[in-house]
Amino acid sequence: MSTLSIHNPATGELVISLPADDAEAVAAKAAAARAAQPAWAALPLKQRAACIRKFREGVLRDLEQLASTMTRETGKPIKMSRNELNGLLPRIDFFLAETEAATAAETVHEEGGMREQIEHAPLGVVANISAWNYPWFVGCNVILPALLTGNAVLYKPSEFSTLTGLEIARLLHEAGVPRDVMVCLVGGGEVGAALLEQKVDGVFFTGSHATGQRIAQAVGQRFVRLQLELGGKDPTYVCEDADPQAAAESLADGAMYNTGQSCCSVERIYVHEKIHDAFVEAFVKTVQGMKRGDPMNEETYIGAITRAPQLDVLESQVEDAIAKGAVLRTGGERRIDEGNWFDATVLTNVDHTMEVMREESFGPVIGIQKVGGDEEAVKLMNDTRYGLTAGVYTRDEQRAKRILSQVRAGSVYWNCCDRVSPRLPWSGVGDSGVGLTLSKYGIQAFTRPKAWHLRAA
Ligand code: NAD
């Protein structure tokens with residue numbers, strides 16, 4: 001039997017070895033989910049919602065233990081693990097409050113005895129292949145609306161957050177969701193690939209662009225609903241009328257929170273030349289004040305890098321930038337230590353010939369580029385294949401709207417960053433993906449509109 005070994009990225013220690021699913025087990029679980037789904041869909045929404053409400057109680061009850069499990073397997077600072085779990089609660093509340101209205105049957109026309117209705121029918125059995133960086137958020141953005149709308153879920157958490165994935169499944173089972181309706185699969189990419197070979201009605205993926213492309217190729221011939229939530233190279237522009245200190249503090253948090261391992265981390269900053277130097281000074285000072293160390297320590301802000309191979313990416317981006325003329329303001333070092341560690345790093349004098357301004361860093365590394373004005377900033381913000389989020393810091397709302405309406409991105413921010421709301425759709429354009437989660441549209445994404453033509457005899 002194959003196994004999955006889980007290591008603590010902060011220390012390199014083996015946490016546990018788990019039995020992994022093989023192709024045969026994946027096929028058996030997919031068949032069981034197919035058989036179980038119709039009975040789940042036939043329950044009244046109130047009953048499915050009661051299970052999700054109990055799940056919420058379980059998350060709240062076990063929060064401390066769930067936070068330390070997540071920190072142990074991902075290296076996320078413990079306070080941020082708690083923040084993620086606490087942030088999950090209003091998302092659950094949103095799904096519970098909105099599913100009925102988002103999926104109620106609609107009568108759209110009535111004439112001469114003929115009634116036309118739209119029903120939001122569940123897709124059936126959906127696959128959820130997920131990332132590790134916010135495992136509760138990205139897992140539950142799919143799992144909860146999928147279950148509420150009557151689907152069965154085959155969930156393949158990341159191999160770097162499997163213990164958390166198993167906890168999500170445990171709490172849902174304890175809350176009354178049948179075991180064959182909510183299925184967690186254990187393993188790496190090969191288990192994800194085996195899952196894609198099953199007859200599923202939707203594939204919901206969160207992860208890297210490279211894997212997203214592989215998944216699109218694997219299911220492209222099969223006409224199933226496909227959603228891909230991928231990476232970004234999220235830019236922010238700081239105008240000359242912004243407060244450099246306040247903007248620097250906010251953006252340093254947006255760039256470094258979760259050790260820079262957020263899909264919507266600030267990844268590039270453009271600053272108007274009139275306040276560039278003041279901004280950089282405040283930004284570097286803020287970053288230097290961030291405490292790095294043991295993720296279990298309450299004071300830690302910069303934790304471990306979850307995946308060891310990312311250290312090579314960060315190192316090569318910093319080397320490439322410096323070789324091309326960038327100035328290293330702080331950090332820049334990979335720590336040759338136990339576990340995976342990289343300093344919080346700030347580079348200035350950067351430009352778009354450098355990898356650090358073009359490719360996702362997904363770590364605590366940021367480039368700050370000086371610009372002459374709005375036109376240049378917009379041009380640079382759009383000089384990317386990605387389009388997840390983008391932001392502007394200015395006192396002038398009209399100016400922010402003018403700039404952000406020209407930027408290709410799924411979400412845009414005025415005087416804020418690195419923010420997700422359950423009430424708003426979460427989506428990317430270009431190489432950041434297709435489809436969306438969250439908002440009422442992210443509930444409807446797990447249904448298909450079925451047309452009813454009804455005439456009484
Ligand atoms: P990844 O692509 O390495 O892995 C994601 C998942 O895909 C894992 O569960 C993995 O086991 C699985 N997988 C790998 N190869 C597969 C294959 N051939 N077939 C099927 N499944 C396969 O990504 P990651 O390192 O887990 O996540 C980091 C990336 O996710 C970053 O690029 C980040 O920006 C992105 N992300 C995006 C969002 C968003 O909402 N847009 C949210 C979180 C993370």
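Biologist: Does Thr437 count as buried or exposed?
Modeller: The relative accessibility of Thr437 is 2%, and buried means under 20% relative accessible area, exposed over 50% and partly exposed in between, with a 1.4 Å probe and protein chains only. This is a predicted model, in which local features need pLDDT of at least 70 and side-chain atom pairs count only at pLDDT 80 or more, while totals for chains, interfaces and linings use all residues. Residues are numbered from 1 along each chain as its sequence is written, and side-chain values use heavy atoms, with hydrogens and water left out. At its 2%, Thr437 therefore counts as buried.

Biologist: With which side chain does the side chain of Thr437 make a polar contact?
Modeller: Thr437 lies in strand E19, residues 436–437, where helices (H or I, at least four residues) and strands (E, at least two) are DSSP runs numbered from the N terminus. Leaving aside neighbours within four places in sequence, Thr437 is in contact (heavy atoms within 4.5 Å) with residues including Asn141, Gln227, Glu229 and Trp426. A polar contact is a pair of N or O atoms within 3.5 Å; within protein, one must be able to donate a hydrogen and the other to accept it, and residues adjacent in sequence count only if both atoms are side-chain atoms. At 2.9 Å, the partner of the Thr437 side chain is the side chain of Glu229.

Biologist: How many salt bridges does the structure hold?
Modeller: A salt bridge is a side-chain nitrogen of Lys or Arg within 4 Å of a carboxyl oxygen of Asp or Glu. One of them joins Lys76 and Glu84 at 2.9 Å, N to O, and both of these residues are buried. Arg61, Asp62, Glu167, Arg170 and Glu174 are linked in a network of salt bridges. The number of salt bridges in the structure is 23.

Biologist: How many residues apart in sequence are the parts tied together by Arg292 and Asp343?
Modeller: Arg292 forms a salt bridge with Asp343, with 2.0 Å between the closest N and O atoms. Arg292 lies in the loop between helix H10 (276–288) and helix H11 (309–323), and Asp343 in the loop between strand E12 (327–330) and strand E13 (345–348), so the separation of the parts tied together by this pair is 51 residues.

Biologist: Over which ring does the charged end of Lys76 sit?
Modeller: A charge sits over a ring if NZ of Lys or CZ of Arg is within 6 Å of the ring centre and within 35 degrees of the ring normal. For Lys76, the charged end is 3.9 Å from the centre of the ring of Tyr134.

Biologist: What is the arrangement of the rings of Phe279 and Phe283?
Modeller: Six aromatic pairs are found in a search of the whole structure, and rings of Phe, Tyr and Trp (its six-membered ring) pair if their centres lie within 6.5 Å, planes under 30 degrees apart counting as stacked, over 60 as edge-to-face and the rest as tilted. Phe279 and Phe283 both lie in helix H10, four residues apart, about one turn of the helix. Their centres are 5.6 Å apart and their planes are at 35°, so the pair is tilted.

Biologist: From which residue does a polar backbone atom lie 2.8 Å from a nitrogen atom of the ligand?
Modeller: The ligand is surrounded by 30 residues, a residue being near a molecule or strand if one of its heavy atoms lies within 4 Å of it. An N or O atom in the side chain of Ser208 is 2.6 Å from an oxygen atom of the ligand, and a polar side-chain atom of Trp426 lies 2.8 Å from a ligand oxygen. The polar backbone atom at 2.8 Å from a ligand nitrogen belongs to Leu230.
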